[in-house]
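Trainee: I am new to this one. Can we go through what the words mean here?

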Amino acid sequence: MIKNIVIEESISKDLLVVDEYEFEDIAAEFINCEEYMNLSLESHHGTQRLKHSFKVAKGTYIIAKSLGLDYKSATRAAFLHDFFFNDNFPEDIKSIKRSKEHPKQALLNSQKYFNINEKEADAILNHMYPLTPTRPKTLEGTTLSLVDKGVAIQEYILSLGTRKTKNTINQLNKKLIKSR
Ligand SMILES: [Fe+2]
Ligand SMILES: [Fe+2]
């Protein structure tokens, strides 16, 4: 009986953490920025960079809030962590180099278009740790960094499925053309 009460309490506490209105309130600042919304034109882990950023922001919001952290700063940093464009880098840049360099570009763009605090700046700059030399200085930054990796793994696996389907369709099309 006691065990059930504990489980029910933990579930309802988690549910209370998700406040769609509050999350949308934080998101509004970014949705109203035309330059930020151009992230929808950028590809990222087989999806749009905008969709990726929203997923990371939502995950960071839920976890940071449930841990009693400064979830507003954590969520704002999450929205901005990949605020860069592919043409910010040379076309032939190696993907590992871009993985290391894009946080600096995201920080520059974030500072250009938004007012961000020190905690948010640090979280953006170090979200790719251990690819960056320094780790995030705060738990908010660490939360963002871990959620980003989880979302990236999920997107990568989903994109493998899409690629496999596309390859299979291409192979079938080739066989059909040959058999004519
Ligand atoms: Fe990133
Ligand atoms: Fe990311």
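Mentor: Start with the contacts. The model is predicted, and in this chain 58% of the contacts with a separation of 6 or more are between residues 24 or more positions apart.

Trainee: What pattern does the chain follow along the sequence?

Mentor: The order is α-α-α-β-β-α-α-α-α-α, made of eight helices and two strands. Of its 180 residues, 28% count as buried.

Trainee: Why are H4 and H5 called roughly antiparallel?

Mentor: Helix H4, residues 49-66, packs with H5 at an angle of about 165 degrees. Angles over 145 degrees count as roughly antiparallel, so H4 and H5 get that name. Their axes are 8 Å apart, and the crossing is right-handed.

Trainee: Which residues meet between H4 and H5?

Mentor: On the H4 side they include Ser-53, Val-56, Ala-57 and Tyr-61. Among those they meet in H5 are Tyr-71, Ala-74 and Phe-79.

Trainee: How do you know that the span of H6 is close to the expected one?

Mentor: H6, residues 95-113, has 19 residues.

Trainee: Where in H6 does the kink lie?

Mentor: At Glu-101, shortly before the proline Pro-103, with a kink of about 40 degrees.

Trainee: What makes a residue such as Pro-103 in H6 buried?

Mentor: The cut-off is 20 or more other C-beta atoms within 10 Å of its own. Pro-103 is buried, as are His-102, Ala-106, Leu-107, Asn-109 and Ser-110. The buried residues of H6 pack against helix H5 (71-80) and helix H7 (118-125).

Methods. Residues are numbered from 1 along each chain as its sequence is written. Chains are lettered from A and ligands numbered from 1 in the order in which they are written. This is a predicted model: local features need pLDDT of at least 70, side-chain atom pairs count only at pLDDT 80 or more; totals for chains, interfaces and linings use all residues. Helices (H or I, at least four residues) and strands (E, at least two) are DSSP runs, numbered from the N terminus. The expected span of a helix is 1.5 Å times one less than its number of residues. The bend at a residue is the angle between axes fitted to the seven residues ending there and the seven starting there. A residue is buried if 20 or more other C-beta atoms lie within 10 Å of its own, exposed if 12 or fewer, and partly exposed in between; C-beta atoms are placed from the backbone. Two residues are in contact if their C-beta atoms, placed from the backbone, lie within 7 Å. Axes are lines fitted to C-alpha atoms, for helices over the stretch in contact, and angles run from 0 to 180 degrees between N-to-C directions. Angles under 35 degrees count as roughly parallel, over 145 as roughly antiparallel, 65 to 115 as roughly perpendicular and the rest as oblique. A crossing is left-handed if the near helix is turned anticlockwise from the far one by less than a right angle, and right-handed if clockwise.
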